[in-house]
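Okay, thanks for making time, everyone.

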Amino acid sequence: MKRLIRVGVLGCGYWGPLLIRNFRSLPDCRLKVVCDLDIARLKHACALYSDLEGVTSPERVIKGSDLEAVVIATPVKSHYALAKASLLAGKHTFIEKPMATSTAECEELIDIARRKGLILMVDHTFLYSAPVRKIAEIVQAGDLGEIRYINSRRLNLGLFQKDINVAWDLAPHDISIILHILSEFPIAINCQGNAHVSPGVEDVTNMSLFFPHKRFATIQSSWLEPRKIREMTIVGSQRMIVYDDLQTREKIRIYDVRVVRPPHYDTFAEFHYSYHYGDSYIPHLQQEEPLNLACRHFIDCIETNSHPITGGRHGLEMIRVLEGASASLKTNGAPFLFGGPNGGALAPVPSNDGAQSPSKPKRASRTASPPRLLVRGIT
Ligand SMILES: NC(=O)c1ccc[n+]([C@@H]2O[C@H](COP(=O)([O-])OP(=O)(O)OC[C@H]3O[C@@H](n4cnc5c(N)ncnc54)[C@H](O)[C@@H]3O)[C@@H](O)[C@H]2O)c1
C-alpha cells in the first residue's frame, strides 16, 4: 500500500482554498492542517472542510513532526522566510508564484533544498495547462516556422495587491509561458508603467522581452481594464496561434496564414507581397484543472524523488526577469541587459532543486544545458 504524503497549507486567502481543495482530492496525499494569521480566513477554510485542523501559527505547521510537505500561499513578501523555515525543518516545499522577492532569496532556497535533498517546487500553474502544453508541442515541432514575436495581454479590473505591482502579480503567468514556449532566456527587457490608484504600486505595465535572433515578446498587464482579457498571439513565419484562455472549449486556434515577400522583382509594378490564407483549426485539448496537475506533480516528485518541471530554478529565472522589469521601470523603460553592466548575474543556476535522483525526462528542460544568454545589442 502506498504511503500518504502529509501536507499542511499556509495561507487561506483567495488562492489557498483552491490549493486545499486540490491537495485534498489526491489519493496519495493527506491534507492535515491549514494555517492563516487571519482568523476569519482560517474559519472560512475550516468551514469548507470539517476534518481540517486550523492553526494561526505558521511555526506549528512548519515544525509539525507529522508533516512531510508545506504549501505556501501567502503574500509574496512572506514566501522566502516561510520557505526557508520549512526547508530547514526538513519539509518538501511548494511555493506559489512568484517564488520570492529577489534572486538572492531564490538562490538561498535552492541551495538549502539541494543540501537537504528536499523537493522545492514553484507553482507556475499555466505550464501544467493543456493549451500551453499543446502550444509548446506545436512550436517545438516547428509547425509555426520561425517564431517572430509573441504578444500577451492579461487585463481586467483586478484584485489590487499591496506588496507587489501588477507586473509581479500578473506577468509571471505570461513570462512562464513565453520562456517555456521559446525555451530561451531573454537578452534584455524593458518595462514602463504607472501607479494610478496606490502610490508606488504600478497598476498598469507594458514590458518587452528581447530574445536572440530578433525574437521578442510583449506583455501588457493591468488591474484597471473594464473587460477581462487573457489573450496571447504567437506569430510564426508559417503559421500563427491565438490562445484565448477565457474560451471554455476553443482556447487555441491555429491560423495557416503568412505574408511572403517576393524573392525577385525588377520594377515597382511587379512588387507584390504574397498573402497566404489557409485554413484555421482548433486542436482538441484534454482539459484537466492545471492546479490539480501541479499539486499532483508535487506529490509525485516527493514519492519518486524527482525534479519538478517547475522547480526552484524556474522560480529563480522568473524572479530574474521580474527584477529586470523593476530596474527598467525605475528608469522609465530604459532597457535592462541581463548579464550586462546593469544586469543580473549570469551564474549558471544549480542543476537540481534538491531531489537526489534525476527526474524522468517528462519534457526537455530549459535550464539543463548551460545558459545560452549572451550580452548583445538589442535589434
Ligand atoms: N498560481 C496562480 O494562478 C495564482 C493565483 C492567485 C494567487 N497566486 C499566488 O498565491 C499567493 C497568495 O495570493 P492570494 O491572492 O491568495 O493572497 P491573499 O492576500 O488573498 O491571501 C493570503 C493569505 O495569507 C495569509 N497570511 C499572510 N501572512 C501569513 C503567514 N505568515 N502565515 C500564514 N498566513 C499568512 C493572509 O492572512 C491571507 O489570508 C501569492 O503568492 C499569489 O501570487 C497564484
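Before I go on, the ground rules. This is a predicted model, so local features need pLDDT of at least 70 and side-chain atom pairs count only at pLDDT 80 or more, while totals for chains, interfaces and linings use all residues. Residues are numbered from 1 along each chain as its sequence is written, and side-chain values use heavy atoms, with hydrogens and water left out.

How confident is the predictor, then? The mean pLDDT of the chain is 89, and 89% of the residues reach 70 or more; pLDDT being the predictor's confidence in each residue, on a scale from 0 to 100. A contact is heavy atoms within 4.5 Å. Where pLDDT is low, the predicted coordinates should not be read in detail.

Overall, the chain has ten helices and 15 strands. Of its 379 residues, 52% are buried, where buried means under 20% relative accessible area, exposed means over 50%, and partly exposed is in between, using a 1.4 Å probe and protein chains only. If you take contacts between residues at least 6 apart in sequence, 69% join residues at least 24 apart.

Six strands make an open sheet in the order S3-S2-S1-S4-S5-S6, with parallel pairing. At the edges sit strand S3 (53-55) and strand S6 (120-123), each pairing on one side only. From one strand to the next, the twist averages 25 degrees. Further in, strand S1 (residues 5-10) runs parallel to strand S4 (residues 69-72), joined by four bridges, and Gly8 has Val70 as its bridge partner in S4.

Helix H4 (residues 79-88) lies across S1, S4, strand S5 (92-96) and S6, at about 170 degrees to S5. For that angle, axes are lines fitted to C-alpha atoms, for helices over the stretch in contact, and angles run from 0 to 180 degrees between N-to-C directions.

Have a look at Gly11 as well, in the loop between S1 and helix H1 (16-24). Is Gly11 buried or exposed? Its relative accessibility is 6%, so Gly11 counts as buried. Beyond four places in sequence, Gly11 touches Gly16, Cys35, Asp36, Ala73 and Thr74.

On to H6. In helix H6 (residues 130-140), the buried residues are Ala130, Pro131, Val132, Ile135, Ala136, Ile138 and Val139. These pack against S7, H8, strand S11 (224-236), strand S12 (240-244) and strand S13 (252-260). Just after H6 comes Gly142, with a positive phi of about 85 degrees.

Last topic: aromatics. Rings of Phe, Tyr and Trp (its six-membered ring) pair if their centres lie within 6.5 Å; planes under 30 degrees apart are stacked, over 60 edge-to-face, and the rest tilted. That rule gives nine aromatic pairs. Take Tyr149 and Phe216: their ring centres are 5.6 Å apart and the planes are at 15 degrees, so this pair is stacked. Tyr149 is in strand S7 (residues 147-157) and Phe216 in strand S10 (residues 216-222), so the pair ties together parts 67 residues apart in sequence. Tyr149 is partly exposed at 33% relative accessibility, and Phe216 is partly exposed too, at 32%.

Phe185 and Phe338 form an edge-to-face pair, 5.1 Å centre to centre with 75 degrees between the planes. Both Phe185 and Phe338 are buried.

And there's an aromatic cluster made of Phe23, Phe94 and Phe298. That's my tour, thanks.

Conventions: Two strands pair if DSSP finds at least two bridges between them. Helices (H or I, at least four residues) and strands (E, at least two) are DSSP runs, numbered from the N terminus.
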